[in-house]
Amino acid sequence: MTTLEALRVSVKRGGRAILDDVSLRAEGGSFVAVIGPNGAGKSTLLMTLAGLMRSDSGSITINDRPLTAFSSLELARTRSYLPQNPRCEWPIPVASLVALGLTPTLPLFGDLPEAHRRRVAEVLAAFDLLDRSGQAATTLSGGELTRAMLARALVGDPDILIVDEPVAGLDPRHTLDTVRRLAELAKSGKLVIAAVHDLTLAARYATRILALNHGRVAADGPPDRMLDTDLLRSVFQVEARIGGVAGGAFVDYLAPTGERS
Amino acid sequence: MSRNALLTSVIFAVLCALAMVSLLAGRVWLNPSEVLRGLFFPGTQLPSLIVLQLRLPRAVLAILVGAALGLSGAVLQGLTRNPLAEPGLLGVSSGAALGAVIAIYFGLAAASSAIIPFLGLLGALAAVTLTFSLGGGRGTLALILAGAAVSALTSALISLALNLAPSPYAAYEIMTWLLGSLADRSWDHVVLAAPFILAGCALLFIAGRSLDALTLGEAQAESLGVDLTRLRAMTLIGTALAVGAATSVAGAIGFIGLVAPHLVRPFVGYQPRRVLVPAALAGAVLLLTADIATRLIHFGPEMKLGVFTSLLGTPFFFWLVLRLKGTSP
């Protein structure tokens, strides 16, 4: 089973520590939701775990092999990364967009081999995009584009999927759909790490929540232990009420901490 | 046959037809049989000399230069994901022009006809090195701004050369050269420029797959294994070789690099890699057409090629800007 391990990772930019001594070990089959206020270092953590940003100290390994020992193509085949609000810059067809996920396995010249084309069709079907395959990706709605980008990230069948705020700007239906897909991927054995702002969603679908604050791990554990008013107060500086029971718990924000209500 | 292959063959057929026309047309009109006899049974008769020594090298140069401009425009637009990008943007064209102007200014051109292309190429490489060291590795916007700064510097130095030109004749020669032309080019020019143009084009073609990945933005392209620093270096060097060599034999020729990719892009589904070959062919078609037109349109002296492409290209530029205003967020 795939194991991703970060050991005492720090990232400094401009003299300031954006990530400070972060350690994390996660295995295939889990869905790790990374939460934290704006500027906590979530995006930096995800980029560093994906090998797209150098850490200043500490080490990151996939299956006990340091990231630095991977070639960029090997790494591209092992993990997928989706940034916040991914965009498509040319009006290429959706099928071509999804096929870009196969770039690390393609030769320098020539069109898609037949096996790849079948794989693209398979993934398009799995993400309910078959009827959109010929449409220009720039004309998709936000929910459809998110699905297309997830399809792009998964078409190469990576072991690890790292996604930065996949549900930002989506309506409730597409938000639920996206998070459930991520949870299903984790169930199928992949390691999914996603930055999520919606704590209720994270608690309901993730198998584990990692809370970051000021670049440090503020808390790390299974969702039912993480929905805690004291933790929310110290990490997000909000007063909140937790309702429901474990598995169906939800968070209700009341007021910023320190403000008279 | 795929749409892509169909488009490529259509443009290629047009290019071949135009190449034939360019052998026929000029001050002395030849008929096709004279041209064919000239091509396959070289002799010392006038038609044979005109075809082999004047028009064939001119047509070959037009195709090479046009292809270099069209291809590098397509690659730079893919790299920057900016539909207004073209070789002039990175300071390549003006760097090559400055090199050539230096050769003319100091009268070095009299020593050997190879000096102008040689210094032109050197100027292009120097400009690209400066652009890359200023803006490389810090994102595409930084690269574009660095290119604009380098262009401004080289333009200022060209103006300085014109300002301080030792004689009106030297100033006139610089001006004429800057206007761009393929008139009176010989096989020597082809031999000088072709290796660099072909090497540059080869470097640019290799970038295709990475340009496709860049459709997803720099972060995703990098996550797919694209080495962005290497890609930028490769495209800059490729552009410097291809456009530097092209500019140094033909002078400054604008807008081909801007227009050619736009003409073919909608027909190939906008995918950057698929634009490359058709854009190179379209660039060759455009320049060959423009070169034939300069021979046929007479207002007294022969109209310069660079002037002609700019006159036709500028309205297209306006149209692009107007269209962008409507579509971009």
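## A buried arginine in chain B

Let's start with R273(B), which sits in helix α13 of chain B, a helix covering residues 272-296. Keep in mind that this is a predicted model. Is R273(B) buried or exposed? With 23 other C-beta atoms within 10 Å, R273(B) is buried, because the cut-off for that label is 20 or more.

Who does R273(B) touch, once residues up to four places away in sequence are set aside? The answer is G208(B), R209(B), L211(B) and D212(B). G26(B), on the other hand, is 247 residues from R273(B) along the sequence, and the two C-alpha atoms are 37 Å apart in space.

## Where chain B meets chain A

Now for the place where the two chains touch. Chain B brings 19 residues into contact with 22 residues of chain A. On the chain B side, helices α9 (208-214) and α10 (218-223) each supply at least two of the touching residues. Which helix gives the most? That's α10(B), with 4 residues.

Sorted by class, the chain B residues that touch chain A come out as 7 nonpolar, 7 polar and 5 charged.

## Two helices crossing in chain B

Staying in chain B, have a look at helix α4 (residues 92-105) and helix α11 (residues 228-250). They pack with their axes 9 Å apart, at an angle of about 45°. That angle makes α4(B) oblique to α11(B), and the way α4(B) passes α11(B) is a right-handed crossing.

Which residues do the meeting? From α4(B) come V92(B), S93(B), A96(B), A97(B), G99(B) and A100(B).

## A sheet in chain A

Over in chain A, 4 strands make up an open sheet, and you can read their order as β2-β1-β4-β5. The pairing in this sheet is antiparallel. Which strands stand at the edges? They are β2 (16-27) and β5 (65-66) of chain A. Each has a single partner strand, so one side of each is left without a neighbour in the sheet.

The partner of β2(A) is β1(A), a strand covering residues 3-13, and the two pair in the antiparallel sense over 8 bridges. To pick out one spot, T3(A) has E27(A) in β2(A) as its bridge partner.

Notes:
Residues are numbered from 1 along each chain as its sequence is written. Chains are lettered from A and ligands numbered from 1 in the order in which they are written. This is a predicted model: local features need pLDDT of at least 70, side-chain atom pairs count only at pLDDT 80 or more; totals for chains, interfaces and linings use all residues. Axes are lines fitted to C-alpha atoms, for helices over the stretch in contact, and angles run from 0 to 180 degrees between N-to-C directions. Angles under 35 degrees count as roughly parallel, over 145 as roughly antiparallel, 65 to 115 as roughly perpendicular and the rest as oblique. A crossing is left-handed if the near helix is turned anticlockwise from the far one by less than a right angle, and right-handed if clockwise. Two residues are in contact if their C-beta atoms, placed from the backbone, lie within 7 Å. A residue is buried if 20 or more other C-beta atoms lie within 10 Å of its own, exposed if 12 or fewer, and partly exposed in between; C-beta atoms are placed from the backbone. Ala, Val, Leu, Ile, Met, Phe, Trp, Tyr, Cys and Pro count as nonpolar, Asp, Glu, Lys and Arg as charged, and the others, Gly among them, as polar. Two strands pair if DSSP finds at least two bridges between them.
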